[in-house]
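Please look over the model below before reading the points.

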Amino acid sequence: MHWRRLAGLVAILLPACLSTPALAAEPVARPLDLTYVTDDFFAAVVVHPARLVKSPLVDALPLPPWAWLKERSGIDPEQVEQAIVLLPRAAKGILYQAGGIVRFRDAVVNKAFVARLVKPLGIDELTEASHVGKTYWTAPRARDMAAHAPDGKTLVFANEDCLKAMLDGSGPRGGLVERLRAIGSDDDLALVGEVEPVRKLLADLQSYVRGDDATPLVLAAEIAARLEGASVALRLTGEPRLRAELEAADDEAAELLNDLVRGGAAALKLRAAAMPGLIKVADDAGGLARMRLRSLHTALDAALKGLKINRTRHRISIGCQMPAGFSGRLARLVNAWSIAQSGANLRQLGISMHEFHDVHGALPAHASYNKEGKPLLSWRVHVLPYMEMNALHQQFRLDEPWDSPHNKKLIERMPAVFASPGKALAAGQTCYVLPTGTAGKNRAIFGEKPKRMEKGAPVGHFLGAITDGTANTLMIVEAPADRAVIWTKPDDWEVDFDEPRKGLFGRRKGFALTLFADASVRLTPETVSDLSLRRLIARDDGLPFELPEYEYDPERDDE
């Protein structure tokens, strides 16, 4: 199985814990279960999923679509009280002997549960074994993965040899345990560890890197040489809080690290002071760059006001407490950041459409077709080479439909540029669609069959056919979640010109993110009339409409 299977197991357990369904009851903060932590491990990542699902701030984060991980693992994050992933000292690699302790709210852990978890990793069979009278499960021909369920609510997993050491009955031991005990019961995320194994890793990496590329490694090695341990803890439920602690090797190292931390804080204060000026000179349609800068400035300014740095002998403590009532405001700022990121995705897609036009003399049609007139693959597949994703494009069989046995396997390979930030979607789904359709003089850019095929790519209208002006005509929109489509499927927004707002608004509150044919991203407000929308969608009705400028203000409570 090797380390990739363990990495996959960690990836299934933790990200699935971070999706955000509603939670009926307030989770109880419990002490960490450190029973199985041994001195084989030097670092740990701690997550409290059942608390995180209640945080409006987490709900606003521009997370990738975690839903597919939940679908594959069957883990409901609101049922996971705590998850600890342990990183080993093993010379074979950090993930080779990775271990973990996951505590559930209900008694769900048994052999069938573990089998369901590891099935996506290609493990179809588990074998029962025992050590010091305790039962665990391992996979034939994959002895670097083993799992134990001590009480039905707890899952312990690790490399088989490491798991035996965890089960030998001696209880928690090692320096990592003391650092874990220092984590607050109300901290939602934490990373703690000793630095010595990191020093060895940095030394090994430096032997492979030369020249300017080695500079960051050398600087990191100098910092690590002066550190014995470090911890970072973050609270996202309630009022946000960040705590960090650096344990220096000696007095001289502590003085240098203290100067380094305070110098970094001073640099951030200077950056925050310069941001109002940067916001004034930002020039972008839709104000997305200004919105991103304003959000960052507001959050950074609040964080710096609550920042405290203290040194006590060899320890440097860093604390940042956001002001009372800031949690909801910060959630709105994070939402604004996700809007700006979605706008950046649209911009990249727009540039790829223009690069396609440069090569083929026209924009791509909405889909490719076979000789029988059956649609095969979406335009999203055919623009991959123009976003430096030619390797993925070459894996598609362009003469087969999107759901052929071969092409269907590539749905899960959806590039991040198609992932609309915000509420999670199902696996392989995107909200970025083309407006398609025709009704009298109202003709969208897309929807007709390709004019021709060139090397498997469908070629549609050239930009000159957009006689209403590329700056006045919609090319790609971010549709609401209930209109999301599988990214490889030839499926888009079929416009109802009698009611053109259907299928456009809903992903964002008060507006829709839209890309125009000149590759500019703008916010189209819900207040726009049906007549104006028809003019924006039609490419050549002779009635061009210039969309008034609209900017989203995350500071307004009514947004």
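1. In which loop does Lys 455 lie? Lys 455 sits in the loop between strand S20 (452-454) and strand S21 (457-459); helices (H or I, at least four residues) and strands (E, at least two) are DSSP runs, numbered from the N terminus. Its phi is near 55°, a positive value in a residue other than glycine. Lys 455 is exposed, with a relative accessible area of 83%; the cut-offs are under 20% for buried, over 50% for exposed and partly exposed in between, with a 1.4 Å probe and protein chains only.

2. A note on sources. This is a predicted model, in which local features need pLDDT of at least 70 and side-chain atom pairs count only at pLDDT 80 or more, while totals for chains, interfaces and linings use all residues. Residues are numbered from 1 along each chain as its sequence is written, and side-chain values use heavy atoms, with hydrogens and water left out.

3. The protein chain has 16 helices and 26 strands. Of its 559 residues, 51% count as buried. Among contacts (heavy atoms within 4.5 Å) between residues at least 6 apart in sequence, 71% join residues at least 24 apart.

4. Ala 519 also has a positive phi, near 70°, in a residue other than glycine. Ala 519 is found in the loop between S25 and S26. Is Ala 519 buried or exposed? Ala 519 counts as buried, because its relative accessibility is 5%.

5. Lys 409 belongs to the loop between helix H15 (405-408) and strand S15 (429-430). At 63% relative accessibility, this lysine counts as exposed. The C-alpha atoms of Lys 409 and Phe 396 are separated by 9.6 Å, and the two residues are 13 apart along the chain.

6. Helix H9 (residues 215-225) has Leu 217, Ala 221 and Ala 224 as its buried residues. Seen down the axis of H9, these fall within an arc of 65°, so they line one face of the helix; the arc is that of the directions from the helix axis to the C-beta atoms. They pack against helix H8 (196-206) and strand S9 (227-235). On the other side of H9, Pro 216 and Leu 219 are exposed.

7. The largest nonpolar core has 41 residues, of which Met 353, Leu 384, Phe 418, Met 475, Ile 476 and Trp 487 touch the most other members. Such a core is a set of buried Ala, Val, Leu, Ile, Met, Phe, Trp, Tyr and Cys residues joined through side-chain atoms within 4.5 Å. Elements giving two or more residues to this core include helix H11 (288-305), helix H12 (326-360) and strand S22 (474-478). The largest share, 6 residues, comes from H12. A second, separate core of 25 residues includes Leu 86, Ile 101, Leu 163 and Ala 190.

8. His 360 has its place in helix H12. With a relative accessible area of 10%, His 360 is buried. Not counting residues up to four places away in sequence, His 360 touches Tyr 386, Arg 452, Glu 454, Ala 457 and Val 459.

9. There are 4 cavities of 30 Å³ or more. On a 1 Å grid over the protein atoms alone, a cavity is a set of points where a 1.4 Å probe fits but cannot get out, and lining residues have an atom within 4 Å of a point. Grid points are joined across faces, edges and corners, and a volume is the space filled by probe spheres set on the points. The largest cavity holds about 70 Å³ of space, and its lining includes Leu 363, His 366, Phe 446 and Lys 451.

Key: On a 1 Å grid over the protein atoms alone, a cavity is a set of points where a 1.4 Å probe fits but cannot get out, and a pocket is an open set with protein on both sides within 12 Å along at least five of seven lines; lining residues have an atom within 4 Å of a point.
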